[in-house]
Each structure stands twice: as structure tokens, then as C-alpha cells.
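Please examine the sequence and the structure shown below. The briefing that follows is arranged by topic.

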Amino acid sequence: GVGKTTLIQKAIEVLQSSGLPVDGFYTQEVRQEGRRIGFDVVTLSGAQGPLSRVGSQPLPGKPECRVGQYVVNLDSFEQLALPVLRNAGSSCGPKHRVCIIDEIGKMELFSQPFIQAVRQTLSTPGVIVVGTIPVPKGKPLALVEEIRKRRDVKVFNVTRENRNSLLPDIVAVVQSSRT
């Protein structure tokens, strides 16, 4: 709720306009009558589908993945996010490209294939990942801590106070990673 996704969307615009190939996805709040009822996954190619909804039921035969009041739709999430990550991790295409992953959090981490795809993407030469991770609170999330500790990762702590001034710093880090 501090503006991470808005900041990511601005970074996407700037990076694309600088000529860098950018792919990936972001999560978007879904509101009904002014109340947040869930989140959607939106790919940069325009595909969109549910990530979670308040109080919805899991699909029959599927385990219930719940974060607070939200039930996670793993099938929808994986159908949208995994192809984007696999494409970013493939060796074809331009030498340097950016992969947006918003977000790597509790809901997304119910998916083991997503965890594997994130690790693969982070390890692919020429792929620069711009992602969002939650601030640690409570029990640590293994993949989030793994990412936070990587030597090739630069973490920006986004707050309401600094969210409007971080964009140039993020863009500079991405562009300096190309060399």
C-alpha cells in the first residue's frame, strides 16, 4: 500500500522509452464499490486474470491457498506469470532485457513452479530483474530472503515519503547493469 506497483509502472514506461526490451507482470488491486476485493495479475503484453479474491472458494480438487481474507487462484496466476518468466529466461532475443516481477510475496510463493522460474530468471545472463518483495515481518519467506541476500541484487526500501523520488535511482541501476 505504499506505492510499489505505481513505481514499477513508472519504471516500465521509462525503461521502454529508453529502448530496453521490457517484459513481465505486475499485480493490480481490484476494487468494488470502493473496497478492495482482490488482486489481478497483468502482463505487459496485456493479458489479465485473477490472482486472489476475498472469500472466494478454491477450485474443486485444489488446495486452498489463503493469505488473510484472500483466496489465491494459483491456476490463473501460473497461466499468466510462468510463460512471461520462461520467456525472459530463454537465451534468445536481445543481449540485455528487463523482466518485471511485481510481486514476489506470500500469494505468489504458493506456486513452486513460480519459485523455480524466479530463481532461473535471476540466474539468466543478460536479464535484469526489477521486482518487488515485501518488507520482512513475521515468519521470513525463504525465497524473499534468498533474493535479499544475493550480491547481484540492489534493494530499495519504498516508503510513502520516498516513492516519488526513487524512480531515477532505479532506472540508473538498471541502465548501469547493462554494461
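Helix 1 passes helix 5 in a right-handed crossing; a crossing is called right-handed if the near helix is turned clockwise from the far one by less than a right angle, and left-handed if anticlockwise. This is a predicted model, in which local features need pLDDT of at least 70 and side-chain atom pairs count only at pLDDT 80 or more, while totals for chains, interfaces and linings use all residues. Residues are numbered from 1 along each chain as its sequence is written, and side-chain values use heavy atoms, with hydrogens and water left out. Helices (H or I, at least four residues) and strands (E, at least two) are DSSP runs, numbered from the N terminus.

**Helix 1 and helix 5**

- Helix 1 covers residues 4–17 and helix 5 covers residues 167–176; they pack at an angle of about 50 degrees, and their axes are 10 Å apart.
- Axes are lines fitted to C-alpha atoms, for helices over the stretch in contact, and angles run from 0 to 180 degrees between N-to-C directions.
- The two helices, helix 1 and helix 5, are therefore oblique to each other; angles under 35 degrees count as roughly parallel, over 145 as roughly antiparallel, 65 to 115 as roughly perpendicular and the rest as oblique.
- From helix 1, Leu 7, Lys 10, Ala 11, Val 14 and Leu 15 meet Leu 167, Ile 170, Val 171 and Val 174 of helix 5; contact means heavy atoms within 4.5 Å.
- Leu 167, Ile 170, Val 171 and Val 174 are the buried residues of helix 5, where buried means under 20% relative accessible area, exposed over 50% and partly exposed in between (1.4 Å probe, protein chains only).
- The buried residues of helix 5 pack against helix 1, strand 6 (97–101) and strand 7 (127–131).

- Buried positions in helix 3 (residues 112–122) are Phe 114, Ile 115, Ala 117, Val 118, Thr 121 and Leu 122.
- Seen down the axis, the buried residues of helix 3 fall within an arc of 165 degrees, so they line one face of the helix.
- At the start of helix 3, the backbone nitrogen of Phe 114 has a side-chain oxygen of Ser 111 within 3.0 Å.
- Helix 3 packs with helix 4 at an angle of about 10 degrees, their axes being 11 Å apart.
- Helix 3 is thus roughly parallel to helix 4.
- Ile 115, Val 118, Arg 119 and Leu 122 of helix 3 meet Leu 143, Glu 146 and Ile 147 of helix 4.

**Val 144**

- Val 144 belongs to helix 4 (residues 142–149) and is buried, with a relative accessible area of 2%.
- Not counting residues up to four places away in sequence, Val 144 touches Ile 104, Leu 109, Ile 133 and Pro 134.

- Ile 37 is located in strand 2 (residues 35–43) and is buried, its relative accessible area being 15%.
- Leaving aside residues up to four places away in sequence, Ile 37 touches Val 30, Arg 31, Gln 32, Ser 52, Arg 53, Val 54 and Tyr 70.
- Glu 33 is found in the loop between strand 1 (22–32) and strand 2, and is exposed, with a relative accessible area of 84%.
- The phi angle of Glu 33 is near 50 degrees, a positive value in a residue other than glycine.

Key: The arc is that of the directions from the helix axis to the C-beta atoms. A polar contact is a pair of N or O atoms within 3.5 Å; within protein, one must be able to donate a hydrogen and the other to accept it, and residues adjacent in sequence count only if both atoms are side-chain atoms.
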